[in-house]
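Biologist: Please take a close look at one part of this model, the place where the two chains meet. Which parts of the chain contribute there, and how are the two copies related?

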Number of protein chains: 2
Amino acid sequence: MTNSTRSVGVIGLGAMGMGVARSLLRAGFATHACDVRAEALEQFKTEGGVPCADPAALGSACEVVIVVVVNAEQTDAVLFGDQGAATAMRPGGVVLACATVRPDYVTRLGQRLAERGLHLLDAPMSGGAAKAAEGTMTLMTSGPAAAYAACEEVLAVIADKVYRLGDRHGQGTKVKIINQLLAGVHIAAAAEAMALGLRESVNPDALYEVITHSAGNSWMFENRVPHILRGDYTPLSAVDIFVKDLGLVLDTARATKFPLPLSATAHQMFMAASTAGHGREDDSAVIKTFPGITVPAPKSA
Amino acid sequence: MTNSTRSVGVIGLGAMGMGVARSLLRAGFATHACDVRAEALEQFKTEGGVPCADPAALGSACEVVIVVVVNAEQTDAVLFGDQGAATAMRPGGVVLACATVRPDYVTRLGQRLAERGLHLLDAPMSGGAAKAAEGTMTLMTSGPAAAYAACEEVLAVIADKVYRLGDRHGQGTKVKIINQLLAGVHIAAAAEAMALGLRESVNPDALYEVITHSAGNSWMFENRVPHILRGDYTPLSAVDIFVKDLGLVLDTARATKFPLPLSATAHQMFMAASTAGHGREDDSAVIKTFPGITVPAPKSA
């Protein structure tokens, strides 16, 4: 069977979902999509895709449905709500759930889809919009062999690296959650370090240069601190994403009464930034919660 | 003037100091040293060095004195205490202060040495014992041009990278302190992340593999988590080092009433680990403060 005879659906054409859809189109799949925003769907149509009026219309046409929405509530709504995709998919179909959610939600989702004869692949994404567009993002996946078998070609097209973390749903999500724990703490730590440097009148550009070549470096320090140095808080990933994701980290641990002191502290810092009015700015804006410093002014391009 | 006609002294032949001394010997300097441990001094002598009975004897023989001790108290003792090096050095000599200390201590040290006609280079080290032995460590330095001029050749021999962070004492130390802030928080965050993974029955080796290729990675996560995976807490750098260094970070900020929420939390974690009996184990042993998990057992070699 060639790609062009296989119908794949993408629910949610945001920054990540549009990249996934375009990767599928490039590979020759008959690619369907739906989105609440008419302009995103129109753009997708001009690029050769098949727009669908709602998730049920998409589900009835597709063997593989990729859900690229923001959270568990939206995942539930597009699969099981009014005109939900799962209600219309044929038995044997597979759902890739890509939102970052609580691990116990994914486990239950697998059971609910199985009751309808559908497979679930637990498949949270990592890598950002640019990599999604190139088809080079990372997927942290888990699920039964049948789920993988039903979407091998699709996985190969949308991601560069597909980590297979076991046959139980939730394992992929747990690893993603732990990645977000580290990402969130490291962004807040980068802000705390740069804030102390500003407080102590250390040259911030020199500080960045030294740290990125020293044992204090992190992927996030290297990636986010340039936003602070340029005074550019255009959101690549927003403060409110980490209010949500560190919240999921803490919810996951709280379910077994497990303490996470650094995650809890970093979550408070992102909440302080959000309530101070920076929720939709780049997550590096968490530095604005520190008193008594002047962050670098925006640099003209 | 060739290296062999220049006398350089190293005070403190610990893991870092011995590396510095050997780098100087390799480069042909007439290298002097002193240490409270007779066996270290004996070893140094067999390698061609000149052992000194006390810091004053070393100071009277050397133009450049490198102080590689643990903290401000020891730095003060070997320079200004009974038989201190600074009391015996000739005017125009230069002291390299390499311990991680409070920035205000370094500023005062520069003034006290200047009163005796001596130069100070603020020169905390980074990179660990292996790099010190190779002469490839990093120095985070600051000080007046005269201090640099007096020890250019020495710097070139003991370090691979010499960051010059300004002409005021304390700037090098501030950058080192901020590096330690990040290093300490990142080690504690690595432990917290691995602890959550163990609690959630994620395969720890797979978790390490994914994180080190994802946005949650840090230099410390990549370097320290293998100790946890092998169950090997042989101290490369001990828990008590971060009790000390994060303490210095917090003291530095407290001097201007500046809040550091993540550093304060990480410091509490290292103190909990130390008081639970892990102070002299590798700093990754901070994971042992998490309840309700079983860390990987030691792997036989």
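Modeller: In this predicted model, the contact between the chains involves 50 residues of chain B and 50 residues of chain A. On the chain B side, the elements that each supply two or more residues are the strands β8 (137-141) and β9 (159-164), together with the helices α9 (171-199), α10 (204-211), α11 (219-230) and α13 (261-278). The greatest contribution comes from α9(B), with 17 residues. By class, the side of chain B that touches chain A comprises 30 nonpolar, 15 polar and five charged residues.

Chain B is superposed on chain A by a rotation of 180° with 0.0 Å of shift along its axis, at an RMSD of 0.0 Å. The two copies are therefore related as by a two-fold rotation axis. The same surface serves both copies, since 100% of the contact residues of chain B recur in chain A. Among the residues of chain B, Ser218(B) comes closest to the rotation axis, with its C-alpha at 1.9 Å.

Domain 1 of chain A gives nine residues to their contact, and domain 2 of chain A gives twelve residues. The side of domain 1 of chain A that touches domain 2 of chain A has four nonpolar, three polar and two charged residues.

How values were computed:
Residues numbered from 1 in each chain as written. Chains lettered and ligands numbered in written order. Predicted model: local features only at pLDDT ≥ 70, side-chain atom pairs only at ≥ 80, totals over all residues. Contact = placed C-beta atoms within 7 Å. Helix = DSSP H or I, 4+ residues; strand = E, 2+ residues; numbered from the N terminus. Nonpolar A, V, L, I, M, F, W, Y, C, P; charged D, E, K, R; others polar. Least-squares fit on C-alpha atoms with pLDDT ≥ 70 in both.
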